[in-house]
Amino acid sequence: MSDPATKPLVLLTNDDGHFSPGILTLASRIRRFADAWIVAPDRERSANSLSLTLRRPLRIQKVRPRVYAVDGTPADCIYLALKKLLPRRPDLILSGMNLGCNLGQQDISYSGTVAAAIQGTFLGIPSAAVSLIPDGKWNYDFEATARFVEETARLLLRHGLPAGVTLNINIPPPPVRGIKVAKLGQKRYDPEIIEKNDPRGEKYYWIGPGSPQASGNCDADVRAAGRGFITITPLHADLTDYRRMRLPVLRKLRGSFTPIFCSSGAVSKTRRRRAASK
């Protein structure tokens with residue numbers, strides 16, 4: 001058996017939990033050529049986005065060698081893996097394979113799966129999020145998709161990714177027609193809010209998924225995946241809209257500085273404090 005230290009180290013995580021068939025199937029494929037570690041939530045943590053657990057301690061359970069369960073968010077898992085669990089810095093982070101799609105601008109903003117990959121990108125590690133789209137009976141083709149992600153991992157280990165770039169990959173059920181490098185589309189959500197009463201008569205609410213409707217042109221990920229294509233979308237950590245930095249409203253906001261802050265004396269008080277401290 002080859003020494004794990006001579007193999008690339010791949011960190012696997014998700015937001016479905018360490019027990020998900022998606023991450024377990026992927027781990028078995030990645031271990032053919034890499035030292036694969038699973039550090040994932042101890043339960044489903046969907047729609048946690050990039051949230052971190054700051055108001056309570058986190059606990060880690062060793063499930064078996066190279067598999068750890070964390071009672072926190074996917075983003076927590078990345079931090080704990082890098083700082084406490086892995087023997088060295090990973091060469092690649094794969095988040096998934098998620099049970100369900102992460103398509104369009106809103107999905108990638110809510111998704112814990114995508115957020116874990118973005119967290120890896122923030123830390124300078126090539127990272128990709130992988131999500132599976134079920135067929136009409138909610139079945140997933142784990143084996144074929146894991147083979148595709150294995151090849152993807154090999155390519156990313158060989159070629160890397162530019163700084164600040166995360167890949168968001170969505171794989172439809174068979175028959176797959178091909179691969180599209182696609183921009184983010186739109187899924188218009190109209191969430192259902194379910195209102196009920198608890199045993200004491202107090203109201204509580206569930207936020208349901210509603211019925212999201214795809215919109216946008218055929219080049220967007222939402223439309224392409226619906227036509228049977230694997231979609232790959234490069235996401236960039238810098239969310240600045242550089243084209244909009246000269247918007248008239250922003251110039252007006254800059255112009256509001258003088259009448260507000262100078263008239264209140266805030267600027268002069270700050271200058272006096274700075275002068276006094278010298």
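1. Basis of the values. Because the model is predicted, local features are taken where pLDDT is at least 70 and side-chain atom pairs where it is 80 or more, while totals for chains, interfaces and linings use all residues. Residues are numbered from 1 along each chain as its sequence is written, and side-chain values use heavy atoms, with hydrogens and water left out.

2. The sheet. Nine strands make up an open sheet of mixed pairing, in the order E3-E4-E2-E1-E5-E6-E7-E13-E8; strands (E, at least two residues) and helices (H or I, at least four) are DSSP runs numbered from the N terminus, and two strands pair if DSSP finds at least two bridges between them. Strand E3 (60–64) and strand E8 (178–181) stand at the edges with a single partner strand each, so one side of each has no neighbour in the sheet. Direction ignored, neighbouring strands are turned by 20° against each other on average.

3. Strand E3 is joined to strand E4 (residues 67–70) by four bridges, and the two run antiparallel. Within this part of the model, Lys62 stands opposite Tyr68 in E4.

4. Helices on the sheet. Helix H1 (residues 21–30) packs on the sheet, touching strands E1 (9–13), E2 (35–41), E3 and E5 (92–99), and its direction makes about 140° with that of E5. Helix H5 (residues 142–159) also packs on the sheet, where it touches E1, E5, E6 (127–132), E7 (165–171), E8 and E13 (229–236), its direction making about 160° with that of E5.

5. Leaving aside neighbours within four places in sequence, Ile169 is in contact with residues including Phe148, Thr152, Ile230 and Ile232.

6. Cysteines. No disulfide (a pair of cysteine sulfur atoms within 2.5 Å) is found in a search of the whole structure. The sulfur of Cys101 is 18 Å from the closest cysteine sulfur, that of Cys218, which is too far for a bond. Cys101 counts as partly exposed at 27% relative accessibility, whereas Cys77 counts as buried at 0%; buried means under 20% relative accessible area, exposed over 50% and partly exposed in between, with a 1.4 Å probe and protein chains only.

7. Salt bridges. The structure holds seven salt bridges, each a side-chain nitrogen of Lys or Arg within 4 Å of a carboxyl oxygen of Asp or Glu. One of them joins Asp35 and Arg66 (2.6 Å, N to O); Asp35 lies in strand E2 and Arg66 in the loop between E3 and E4, so the pair ties together parts 31 residues apart in sequence. Asp35 is buried at 5% relative accessibility, while Arg66 is partly exposed at 29%. Asp71 and Arg56 also meet in a salt bridge (3.3 Å, N to O), and Arg29, Glu150 and Arg154 are linked in a network of salt bridges.

Key: Axes fitted to C-alpha atoms, helices over the stretch in contact; angles between N-to-C directions. Contact = heavy atoms within 4.5 Å.
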